[in-house]
Amino acid sequence: YITDGMFTRNNEGYFFAPTPNDFKQNEIEMQFLHVPVLFKFVPFQESATSIGVYGKYLLKSKSKYKIGAEKFSTEFPVENKFQFGIAFDQEFILFSNKQKKTSPVLGFGANYQLSKFISDNRSFKPLSGYVKIGIALW
């Protein structure tokens, strides 16, 4: 099931609680150091598929929200700052230009987190997707 909630902390530790009825405007900022280790398979010169694992460490987390008319900005409590999971990545070279030794690249990927945010409690395991645009150097 899907529920709207937030991580909170009390004297006993971390837990995930449903948000109050007058809860409004939640914004979460999370900054990670993300290190993927991927096996890259190149079936054609214009595309590549990668699969592997990743590890990431939470550097900063902040939550901004409003309950009624009062505004709050607090550190977003995450017990396990190190997370890991599996990663998939697909990229396509759009126009190969070997004379200029650069080519535009379009890609997409997904990460599935295997670790928990909270050690001794039920925790969600996010599946995140992304789109990437870049330049390949030859």
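**Aromatic rings, a nonpolar patch and a buried serine**

A search of the whole structure finds 3 aromatic pairs.

Take phenylalanine 88 and phenylalanine 108. Their ring centres are 6.4 Å apart, and their planes meet at 50°. Planes under 30 degrees apart count as stacked and those over 60 as edge-to-face, with the rest tilted. The pair of phenylalanine 88 and phenylalanine 108 is therefore tilted.

Phenylalanine 88 has 32%, so it is partly exposed. Phenylalanine 108 has 39%, so it is partly exposed too.

Now turn to the pair of phenylalanine 92 and phenylalanine 108. Its ring centres are 6.4 Å apart and its planes are at 35°, so this pair is tilted. It also links distant parts of the chain: phenylalanine 92 is in strand β6, phenylalanine 108 is in strand β7, and 16 residues separate them. Phenylalanine 92 has a relative accessibility of 36%, so it counts as partly exposed.

Phe92 leads on to another residue. Serine 47 is in contact with Phe92, as well as with Val42, Gln90 and Glu91, once its neighbours within four places in sequence are left aside. Serine 47 is found in strand β4, which spans residues 47-67. Its relative accessibility is 10%, so serine 47 counts as buried.

Next comes the surface. A nonpolar patch there has an area of about 1200 Å². Its members include Leu33, Val53, Tyr57, Phe84, Ile86 and Leu127. Which strands supply at least two residues each? They are β3 (23-44), β4 and β6. Phenylalanine 84 is one patch member, and it is found in strand β6. With 37% relative accessibility, phenylalanine 84 counts as partly exposed.

How far can the model be trusted? The mean pLDDT of the protein chain is 80, and 82% of its residues reach 70 or more. Among the elements, strand β6 (residues 82-93) has the highest mean pLDDT, 92. Strand β1 (residues 5-10) has the lowest, 69. Where pLDDT is low, the predicted coordinates should not be read in detail.

Terms used. Residues numbered from 1 in each chain as written. Predicted model: local features only at pLDDT ≥ 70, side-chain atom pairs only at ≥ 80, totals over all residues. Heavy atoms only, no water. Helix = DSSP H or I, 4+ residues; strand = E, 2+ residues; numbered from the N terminus. Buried < 20%, exposed > 50% of the residue type's maximum accessible area, 1.4 Å probe, protein only. Contact = heavy atoms within 4.5 Å. pLDDT = per-residue confidence, 0-100. Patch = residues over 30% accessible without salt bridge, like charges linked within 9 Å, V, L, I, M, F, W, Y side chains within 5 Å. Areas by Shrake-Rupley, 256 points an atom, 1.4 Å probe, with all protein chains shown as cover. Salt bridge = Lys/Arg side-chain N within 4 Å of Asp/Glu carboxyl O. Phe/Tyr/Trp six-rings, centres within 6.5 Å; stacked < 30°, edge-to-face > 60°.
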